[in-house]
Amino acid sequence: MTSPVWHPYAHLKSQSPAPKVIGGEGPRFILEGGEQLLDATCSWWCMIHGYAHPRLVAAIREQAGELCHVMLGGLTHEPADRLARELVRVTPEGLDHVFFSDSGSVGMEVAMKMAVQYHRLRGNPGKHRMLSLMKAYHGDTAGCMAVCDPEEGMHSLFSGYLPRHHFAPAPAAPFDAEPEAVSADLAALRAVLEQHHHEIAALLMEPLLQAAGGLNMTSPLYLKGAQALCEEFDVLLVFDEVATGFGRTGKLFAADHADMAPDIMVLSKGLTGGYLGHAATLANDKVHDAFIGDSPAHAFMHGPTFMGNPLACRVALESLAVFEDERYLEKIAGLNRLLREELLEDEALRRHPQVRDVRVLGATAVIEVKNAADLEGVANLARARGVWLRPFGRWLYTMPAYITPEEDMRHITGVMKGWFQ
């Protein structure tokens, strides 16, 4: 019998039957029939602790016996209060106000609405558009689609439906670039701001790692320069750390590489270790205090039903505790060394005629090929060797769970390299 489940990003006429997952443990999930696959993609980058982590499972069970859900409108509860305090503690200094929602896309919608309403409350209603970067991906909701790359992104089908925003060229200077190399990227950003700052409310960016837009890895110097430009042109700086937050780039947050804080930061994915959907949009005093006033317009007009869900908040608290107790940043550093050794330092791989580039940052590695057709069949090969790889476009990547043992990690990289042998 055909399943009634409509799968994401799937061609209904040609899609293969989806394997049925019945469980998981550590870095592997288990399929019906007993087949086990190493999850090299961390289930869309969120299962940072792997599957069935006993502390996270116990936290959900304990919270379910106390309070599963209550509206946050006019009410509060201890898990939400505690999680907000913990997020203020661990995020860059100054992000002292936390607005919860239920997914990364919605968290970004919150950030954009927050920026527009901020400027309106300050008497600048004309600043109502966003500035995004080419190669950006911020989510699949309507507002987020409008700030994804309009040329190479996946949402061109909806161009007539979406509002129009502004775009700056994607930064080209790599993570370890010298200041001179970053200056051209910042000059291109300045040119857009000089022309359109009067209607730009916020600059949105995935700091250091543009994930679904092609795993573009960029410089911390670009973040610092962008912040200075935003201050110059009265534009809020929003960091989309949905994919980069909680260690993916090698530090707890990508912003930490530049020792800075944006005006607004959005977190999801690793926030709960992937165990439940949840998101947080954090803001500094400058943004938050603009909403203090007497008029009806001073109330921030957003309120997801499941914002601050007690189950999600409780497992997020446990996820953060595990991250700190088990020294995950050290684990990530070990993964980074292995990925560099196995992929970045493999000269034969880098010289392969199909390979355009190999990049590594934190616990992320990507082999970019010259043509998407060069990766057709790689997922099937990987599965035959016990690994779940899901490339997209020209990019074969791994974003593993942080608990993945060295032997398993070398098996993943071996399968990735094996495709080109």
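Helices here are DSSP runs of H or I with at least four residues, numbered from the N terminus. With that in hand, welcome to a set of close-ups of a predicted model.

**View 1**
Helix α1 covers residues 42–45, and C42 lies in it. The phi angle of C42 is near 60°, a positive value in a residue other than glycine. C42 has a relative accessible area of 1%, and it is therefore counted as buried, the cut-off being under 20%.

**View 1. D234 is a loop residue that also has a positive phi.**
Here we look at the loop between α7 (220–232) and β10 (236–240), where D234 lies. Phi of D234 is near 55°, again positive in a residue that is not glycine. Is D234 buried or partly exposed? Its relative accessibility is 30%, so D234 counts as partly exposed.

**View 2. K269 carries a modified-residue annotation from UniProt.**
The unreviewed UniProt entry places the feature "modified residue: N6-(pyridoxal phosphate)lysine" at K269. In the model, K269 is found in the loop that runs between β11 (264–267) and β12 (279–283). Because its relative accessible area is 25%, K269 is classed as partly exposed. Which residues does K269 touch, leaving aside those up to four places away in sequence? The partners are W44, W45, C46, V242, A243, G274 and H278.

**View 3. Domain 1 and domain 2 meet at an interface.**
The domain assignment gives domain 1 as 58–324 and domain 2 as 327–419. Domain 1 brings 20 residues to the contact, and domain 2 brings 17 residues. The C-alpha centres of the two domains lie 27 Å apart. Between them, domain 1 and domain 2 bury about 1600 Å², with 66% of it on carbon and sulfur atoms. On the domain 1 side, L215, M217 and R248 lose the most area to domain 2, together accounting for 43% of what that side buries.

Definitions and conventions. Residues numbered from 1 in each chain as written. Predicted model: local features only at pLDDT ≥ 70, side-chain atom pairs only at ≥ 80, totals over all residues. Heavy atoms only, no water. UniProt positions renumbered as here; feature names shortened; annotations may be inferred. Helix = DSSP H or I, 4+ residues; strand = E, 2+ residues; numbered from the N terminus. Buried < 20%, exposed > 50% of the residue type's maximum accessible area, 1.4 Å probe, protein only. Contact = heavy atoms within 4.5 Å. Domains from an automatic or database assignment. Buried area = accessible area lost by both parts, 1.4 Å probe.
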